[in-house]
Amino acid sequence: MQHRKIAFIGAGNMTRSIVSGLVNNAYPAHLITASNPSIGKLTALQTDFAINVTQDNKEAVDAADVIVLAVKPQFMEQVCQDLAQVQDLNDKLFVSIAAGITTPRLQKMLGGTYSIIRTMPNTPSALGKGMTGLFADINIDKNDRQYAADLMSQVGEIAWVEKESMIDGVTAAAGSSPAYFYLFLEAMQKEAEQQGFDHATARLMVQQAMLGAAEMVCHNPHLELSELRTQVTSKGGTTAQAIESLQQQGLEQVIANAMQAAVKRAEEMAQQF
């Protein structure tokens, strides 16, 4: 991976995850700076990873080659307006992890035409098990594309999308989807408890079943998901009855509706921010 000076604007969970991945993979800590209004998270980052920290965004950006915009969408405009006061942003690469804010909108917020790559990671990035979608327009230098790909690969798998609008699909399929699985597990745990299992045992059963199922998917990339399901579903057995019940109640359409709702909200956020 190219070793460039990188500044993280925002010191939240995703910044911590990426910084951890970088440092643990021998990225020089002295090339990394994090900026945040409050000192608490900065102190923790500096203590744990020996990186540079500052409460001044402009100071962080001025010394960096790459700027990771890791602030919440509602704060992005003010942050970008402040960064626009930096003397020269032309040779810097911006990597955004904010949902719903398009590249043209970011350009407008920054007050110029700059190299911007949009990414959409998810929370399992904290464990190095993330899934990140990336988009860069055709004018982005190939070395910048490679840097962004390597950067987000520190926290999991990546996938490039051809159109920026597809980032909203990444949000629906990967960015938001851990919460779908958690909701499914919640429902399973509650029902297990209703059937007499204590809270801890119910939790253990459903979480291990989900972990095992995910590992089966990852270790059998040559098999379609439908085939993996069929392998568990003996004709006339308990699994077949459960699957039939889920299908009769429209689970597939429920999931499709949820993903479409996520995309719609991302599109609304693009207008809102």
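Reader: What makes up the secondary structure of the protein, and what span does its C-alpha trace have along the principal axes?

Author: The secondary structure comes to twelve helices and eight strands, and the C-alpha trace spans about 70 × 40 × 35 Å along its principal axes. Of the 273 residues in this predicted model, 40% are buried. Among the contacts with a separation of 6 or more, 62% are accounted for by residues 24 or more positions apart.

Reader: Why is methionine 109 called buried?

Author: Methionine 109 has a relative accessible area of 5%, and buried means under 20%, so methionine 109 is called buried. This residue lies in helix α5, which covers residues 103-110. Once its neighbours within four places in sequence are left aside, methionine 109 is in contact with Met76, Glu77, Cys80, Gln81, Ile101 and Phe273.

Reader: How far apart are the C-alpha atoms of methionine 109 and leucine 83?

Author: The two C-alpha atoms are separated by 9.4 Å, while the residues themselves are 26 residues apart along the chain.

Reader: How do you know that threonine 103 counts as buried?

Author: The relative accessibility of threonine 103 is 7%, and the cut-off for buried is under 20%, so threonine 103 counts as buried. Threonine 103, too, is found in helix α5. Not counting residues up to four places away in sequence, threonine 103 touches Ile116, Arg118, Phe135 and Glu164.

Reader: Why is alanine 99 placed in the class called partly exposed?

Author: Buried requires a value under 20% and exposed a value over 50%, with partly exposed in between; alanine 99 has 21% relative accessibility, and therefore counts as partly exposed. Alanine 99 lies in the loop between β5 (93-96) and α5. With its neighbours within four places in sequence left aside, alanine 99 is in contact with Pro73, Arg118, Met120 and Met269. From C-alpha to C-alpha, alanine 99 and arginine 265 are 9.9 Å apart in space, although 166 residues apart in sequence.

Reader: What makes glutamine 189 a buried residue?

Author: Glutamine 189 has a relative accessible area of 11%, and this is under the 20% cut-off, so glutamine 189 is buried. Glutamine 189 is found in helix α8, and, leaving aside neighbours within four places in sequence, is in contact with His199, Ala202, Arg203 and Val206. The C-alpha atoms of glutamine 189 and alanine 200, which are eleven residues apart along the chain, are separated by 9.3 Å.

Reader: Why are alanine 26 and alanine 50 called exposed?

Author: Exposed means over 50% relative accessible area; alanine 26 has 60%, so alanine 26 is exposed. By the same cut-off, alanine 50 counts as exposed because its relative accessibility is 55%. Alanine 26 lies in the loop between α1 and β2 (32-35), whereas alanine 50 lies in the loop between α2 (39-49) and β3 (52-54). Alanine 26 has a positive phi of about 75° although it is not a glycine, and phi of alanine 50 is near 60°, again a positive value in a residue other than glycine.

Reader: What volume does the second largest pocket have, and which residues are closest to its centre?

Author: The volume of the second largest pocket is about 860 Å³. Of the 35 residues that line this pocket, Gly12, Asn13, Ala70, Val71 and Lys72 are the closest to its centre. At least two residues of the lining are supplied by each of α1 (13-24), α4 (73-83) and α8 (177-194). The lining divides into 17 nonpolar, 15 polar and three charged residues.

How values were computed: Residues numbered from 1 in each chain as written. Predicted model: local features only at pLDDT ≥ 70, side-chain atom pairs only at ≥ 80, totals over all residues. Heavy atoms only, no water. 1 Å grid on protein atoms, 1.4 Å probe; cavity = no way out; pocket = protein on both sides within 12 Å on 5 of 7 lines; lining within 4 Å. Points joined across faces, edges and corners; volume = space filled by probe spheres on them. Helix = DSSP H or I, 4+ residues; strand = E, 2+ residues; numbered from the N terminus. Nonpolar A, V, L, I, M, F, W, Y, C, P; charged D, E, K, R; others polar. Buried < 20%, exposed > 50% of the residue type's maximum accessible area, 1.4 Å probe, protein only. Contact = heavy atoms within 4.5 Å.
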